[in-house]
Amino acid sequence: MGATKHPGVWKMLTVAMCMALLGCLQAQELQEHVSIILLGATGDLAKKYLWQGLFQLYLDEAGKGHSFSFHGTALTDTEQGQKVIAKVLESLSCPKDVASDRCAELKDQFQRLSQYRQLKTTEDYLSLSKDIEALVQHEGLREAGRIFYFSVPPFAYADIAQKINSSCRPSPGAWLRVVLEKPFGHDYLSAQQLATELGSFFQEEEMYRVDHYLGKQAVAQILPFRDQNRKALDRLWNRHHVERVEIVLKETVDAEGRTSFYEEYGVIRDVLQNHLTEILTLVAMELPHVSSSGAVLQRKLQVFQALRGLRRASAVLGQYQAYSAQVRRELHKPDGFRSLTPTFAGILVHVDNLRWEGVPFILMSGKALDERVGYVRVLFKNRACCAQSEKHWLGEQSRCLPQQVIFHIGHGELGSPALLVSRNLFRPALPPSGWQEVEGPPGLRVFGSPLSDYYAYSPVREQDAYSVLMSHIFHGRKDSFITTENLLASWVFWTPLLDSLAHEAPRLYPGGAENGHLLDFEFSSSQLAFSVQQPEQLVPGPGSAPTPSDFQVLRTKYRDSPLVTAWPEELVERLASDIEAAAVKAVRHSGQFHLALSGGSSPVALFQQLATGHYGFPWAHTHLWLVDERCVPLWDPESNFQGLQTHLLQHVRVPYYNIHPMPVQRHQRLCAEQDQGAQAYAEEISALVSNSSFDLVLLGMGTDGHTASLFPQSPAGLDGKQLVVLTESPSSPHHRMSLSLPLINRARKVAVLVMGRLKREITMLVSRVGHQPMKWPISGVLPDSGQLVWYMDYEAFLG
């Protein structure tokens with residue numbers, strides 16, 4: 001109403017609205033600017049791959065709404081650094097489908113947008129930030145974000161991260177992406193420490209950990225291939241149809257010139273823990289219902305959580321014969337030095353979930369091998385039986401021919417990335433814009449079959465891995481990178497195996513074609529073994545030392561009872577066999593076998609051995625009891641029952657009514673005296689176990705001499721008539737339930753498993769003491785009429 005009375009006010013409002021609208025349009029038209037800072041720009045990785053990857057990013061994105069500046073930085077002084085970068089920029093190349101004049105034009109633009117500067121101090125980072133801000137303001141741009149690519153050793157990460165965080169973050173509203181190169185630690189603890197340091201400066205969404213194999217075109221095609229062929233693969237991609245999965249990376253080169261790195265990391269840390277494990281997750285993960293980076297990363301994490309723990313028997317190791325001499329020469333080691341670092345490894349992995357249970361995943365990599373090749377091979381079970389002779393088998397029709405899907409990563413006979421699907425399996429669907437069907441040269445065979453037996457596809461345009469990943473970084477595609485959570489999950493999986501292999505002598509091999517069948521290996525249930533015997537070494541080499549295979553299982557006495565001692569693998573196998581023999585004998589005699597098992601870490605390997613290596617075990621007639629339990633819910637990770645479930649019960653067929661967990665949780669309370677859980681368990685034992693005499697009780701021995709949950713200086717459970725008691729532990733969780741010593745001593749056989757160097761001191765002490773259960777409860781274990789047998793590994797027995 002006021003505006004109609006005063007026309008001037010209406011005009012002013014109209015002008016103001018127009019100006020505001022014009023301002024909005026101008027703001028929308030501001031071109032977004034991205035600054036890419038390459039740290040370590042004069043190093044080998046940068047010169048060989050990263051500058052070319054940045055140039056490819058510019059080729060792909062130029063003219064699409066963003067402007068760029070590329071800052072090569074290093075500790076090298078400015079004059080020397082500029083010379084190196086100028087030489088690198090001159091060597092850049094365009095894809096074959098880019099015309100030469102267009103390539104020259106874009107290359108010239110890229111060179112003018114690229115500069116070198118020394119970056120060392122906090123002031124240097126502050127100066128870089130100010131220069132970027134000045135450029136954005138001068139050109140009338142809006143800052144979209146900054147990418148810092150760390151092509152530097154990991155020990156420099158924390159210092160650089162602190163300087164970026166304090167002095168070189170982009171302006172508010174712009175994003176920051178920090179790209180990190182492996183190695184990401186040496187084991188779980190070092191990886192966790194590095195992750196904690198970086199996490200104090202950067203948010204998780206700002207960090208992009210590179211595994212360049214995720215940028216390989218064949219690897220990057222695994223998930224799209226599975227997604228586009230869901231209809232055909234839904235019935236095939238599982239344990240009912242897949243015989244095995246092989247993930248292989250072979251190299252002909254050796255480690256000469258890189259022994260400093262290799263001595264610290266070896267082939268497992270260099271290749272298997274990262275590249276091959278990441279590929280495994282892509283093959284094994286459940287496809288998400290919604291395609292997003294977060295959903296993919298979460299499904300990959302679920303695979304890590306389903307991986308069965310690795311054992312020493314899960315691996316075979318080799319080392320090419322010239323390696324130790326190279327180490328002595330390059331690292332100035334004494335003449336007698338002999339390295340134990342593996343340059344070849346084969347690992348057997350199992351994914352314990354409904355889709356993949358029982359399917360072997362074979363991971364293999366090595367140096368100085370007979371060929372350079374990388375591939376993922378999914379081999380399907382073949383249940384066909386053909387009445388016609390082989391000459392009548394046609395590739396597109398016969399079900400008797402091998403059925404497989406192969407993601408060929410590169411090199412080898414094919415020479416380039418490829419995707420192969422057996423013609424007798426199904427015709428795959430692939431994106432026509434990216435992949436094309438191809439025919440190979442006549443006579444070319446892949447895994448025993450001519451190439452014509454496959455539907456074969458290759459990329460329309462080959463791209464190197466770093467070019468692919470640069471694009472994904474720019475577009476914020478995090479599913480091609482390693483999150484902190486997935487990184488630590490991988491190290492949780494690999495670290496125990498690496499620790500167990502630290503003192504293992506790998507098999508020597510000559511290298512190249514001369515390897516013959518020396519590195520061939522076979523797998524059965526949960527273990528690997530070389531197919532051919534190691535040739536006898538008639539003259540010991542320098543630094544030769546006895547290895548585990550030089551020792552056999554020893555039988556002697558300990559505390560006047562039988563003692564079996566061996567290396568851990570042999571010891572566990574022997575104990576598992578003895579338990580199976582006792583079970584078969586008991587079932588034959590009485591129709592059932594009552595086995596009481598302790599918790600903790602020591603019996604885990606035993607549970608795994610029983611689960612995967614003893615198919616004659618009479619599980620259907622076995623009752624499983626617990627020797628002791630922590631007062632936590634049964635689903636809690638600290639629960640002994642949960643450990644038994646994870647490592648044994650889910651892998652064998654024990655009738656559910658034969659499984660007897662301790663009732664530590666009753667009436668929504670834990671180990672409350674008034675709930676009479678211990679009394680209830682004692683009554684259950686008395687009702688089901690004849691004379692309350694277990695056929696076999698498995699015990700351990702703590703470093704303080706405790707056994708079950710019977711602890712020194714605590715009278716609970718050491719004598720008296722109670723069969724099951726509540727006890728107090730000096731360590732958390734403090735409240736426990738345990739079989740009493742009198743009940744344990746009623747058993748027909750008691751086996752005490754003692755493993756690890758930490759047990760050496762208590763082993764020596766207990767060997768000298770008499771019957772003093774109040775001080776050392778283990779000394780009170782002596783069956784009334786049964787047998788006591790000690791099982792100790794060499795580290796516990798000999799130190």
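Me: Which residues in α12 and α14 meet?
Reply: This is a predicted model. The α12 side of the contact is made by Thr 259, Tyr 262 and Glu 263. In α14 they meet Tyr 323, Gln 326, Val 327 and Glu 330.

Me: How do the residues of that contact divide into nonpolar, polar and charged?
Reply: Tyr counts as nonpolar, and so does Val, while Glu counts as charged. The contact of α12 with α14 therefore divides into three nonpolar, two polar and two charged residues.

Me: Are α12 and α14 perpendicular or oblique to each other?
Reply: Helix α12 (residues 259-284) packs on helix α14 (residues 323-330) with the axes 10 Å apart and an angle of about 120°. Roughly perpendicular covers 65 to 115 degrees, and roughly antiparallel starts over 145. The two helices are therefore oblique.

Me: What is the handedness of the disulfide of Cys 94 and Cys 103?
Reply: A disulfide joins these two, S to S 2.0 Å. Both Cys 94 and Cys 103 are buried. The torsion about their S-S bond is about 90°, so the disulfide is right-handed.

Me: How many residues apart in sequence are the parts that Cys 631 and Cys 671 tie together?
Reply: The sulfur atoms of this disulfide are 1.9 Å apart. Cys 631 lies in the loop between β25 (628-630) and α19 (640-647). Cys 671 lies in the loop between β28 (669-670) and α20 (677-688). The pair therefore ties together parts that are 40 residues apart in sequence.

Me: Is Cys 168 buried or exposed?
Reply: Buried means under 20% relative accessible area. Cys 168 has 0%, so Cys 168 is buried.

Notes. Residues numbered from 1 in each chain as written. Predicted model: local features only at pLDDT ≥ 70, side-chain atom pairs only at ≥ 80, totals over all residues. Heavy atoms only, no water. Disulfide = S-S within 2.5 Å. Buried < 20%, exposed > 50% of the residue type's maximum accessible area, 1.4 Å probe, protein only. Helix = DSSP H or I, 4+ residues; strand = E, 2+ residues; numbered from the N terminus. Axes fitted to C-alpha atoms, helices over the stretch in contact; angles between N-to-C directions. Parallel < 35°, antiparallel > 145°, perpendicular 65-115°, else oblique. Contact = heavy atoms within 4.5 Å.
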